[in-house]
There are 2 protein chains.
Amino acid sequence: MPFSETLKSIVESVGGGLGAVIMADDGIAIDEYLLDGSGMDLNLMAVEYASLLKEVKRMADVLKTGSLEEMAVNTGRSQVIVRTINDELFIALILGQDGNCGKGRYLLRREVFGLRERLS
Amino acid sequence: MPFSETLKSIVESVGGGLGAVIMADDGIAIDEYLLDGSGMDLNLMAVEYASLLKEVKRMADVLKTGSLEEMAVNTGRSQVIVRTINDELFIALILGQDGNCGKGRYLLRREVFGLRERLS
């Protein structure tokens, strides 16, 4: 699993991290790291977010606001930050409700540069 | 336009703000404030984000992560932060690419309390 060390490092250093996944735009998880006991179904999440990202990309086309870089969704029990790696791949970080969203956004932005190089 | 002063205050104090809109979940803009020359079609944006929010709410139901509180979308040329006011209404803040997203999230979170009281 070539990317799991990067994912583990992000999850464990962000503060309140539960898991992270690199996913393709068809909803298939390429690699993942999940804290024990988080109780999450990362595969279901990857499928749902891949579907949502297609909608956001279509919307960005309609609104002519440029290509999607990052999306964050906060709900009652979790925060999810998704960042584009390239045309086909995304990285998603899942935090608990008290997780450090700002640091999560920073870490994803920083790590995506390295992921792009390794994937090109 | 009862809410335009609140919207104006958010847009002008956030740093890099372009406009803000209170919208219903059917995509109708209830009230809005837009900087001159921003070149945006807030009505089209409201319709698109209302449609996207329905998808996010459906997804939160599927993933059982609680109700939607906030969503942020960053594209090449803009940042949009959307926050739930109640079951039917949302507030959206549009920033330029160099806008202060962190302060925008803070201001929306703070103002939504007052908006809820005035709308109840």
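Predicted model: local features only at pLDDT ≥ 70, side-chain atom pairs only at ≥ 80, totals over all residues.

User: OK, and which strands does helix H1 of chain B lie across?

Analyst: H1(B), residues 4-14, lies across E1 (17-24), E2 and E5 of chain B. Its angle to E2(B) is about 40°.

User: What's the strand order in the sheet?

Analyst: The order is E2(A)-E1(A)-E5(A)-E4(A)-E3(A)-E3(B)-E4(B)-E5(B)-E1(B)-E2(B), so 10 strands in an open sheet, with antiparallel pairing. From one strand to the next, the twist averages 10°.

User: Which strands stand at the edges?

Analyst: Strand E2 (29-34) of chain A and strand E2 (29-34) of chain B. Each has a single partner strand, so one side of each is left without a neighbour in the sheet.

User: Zoom in on E4 and E5 of chain B. How many bridges do they pair over?

Analyst: E4(B), residues 78-84, and E5(B), residues 89-96, pair over 7 bridges in the antiparallel sense. Within that pair, Ile81(B) stands opposite Leu93(B) of E5(B).

User: Switching topic: at what angle do H1 and H3 of chain A cross?

Analyst: Roughly 170°, with the axes of H1(A) (residues 4-14) and H3(A) (residues 101-119) coming within 10 Å. Since angles over 145 degrees count as roughly antiparallel, that is what H1(A) is to H3(A).

User: Which residues make the contact?

Analyst: From H1(A), Thr6(A), Ile10(A), Ser13(A) and Val14(A); from H3(A), Lys103(A), Gly104(A), Leu107(A), Leu108(A), Glu111(A), Leu115(A) and Arg118(A). They divide into 5 nonpolar, 3 polar and 3 charged.

User: Now the interface. How much area do chain A and chain B bury between them?

Analyst: About 2600 Å², with 57% of it on carbon and sulfur atoms. In contact terms, 31 residues of chain A meet 31 residues of chain B.

User: Which three residues of chain A supply more of that area than any other three?

Analyst: Glu48(A), Met59(A) and Asn74(A), which supply 20% of the area chain A buries against chain B.

User: And Asn74 in chain B, buried or exposed?

Analyst: Buried, because its relative accessible area is 6%. Asn74(B) is found in strand E3 (residues 68-75) of chain B. Leaving out residues up to four places away in sequence, Asn74(B) touches Ser67(A), Leu68(A), Glu69(A), Glu70(A), Arg105(A) and Gln79(B).

Terms used
Residues numbered from 1 in each chain as written. Chains lettered and ligands numbered in written order. Heavy atoms only, no water. Helix = DSSP H or I, 4+ residues; strand = E, 2+ residues; numbered from the N terminus. Buried < 20%, exposed > 50% of the residue type's maximum accessible area, 1.4 Å probe, protein only. Contact = heavy atoms within 4.5 Å. Axes fitted to C-alpha atoms, helices over the stretch in contact; angles between N-to-C directions. Parallel < 35°, antiparallel > 145°, perpendicular 65-115°, else oblique. Nonpolar A, V, L, I, M, F, W, Y, C, P; charged D, E, K, R; others polar. Pairing = 2+ DSSP bridges. Buried area = accessible area lost by both parts, 1.4 Å probe.
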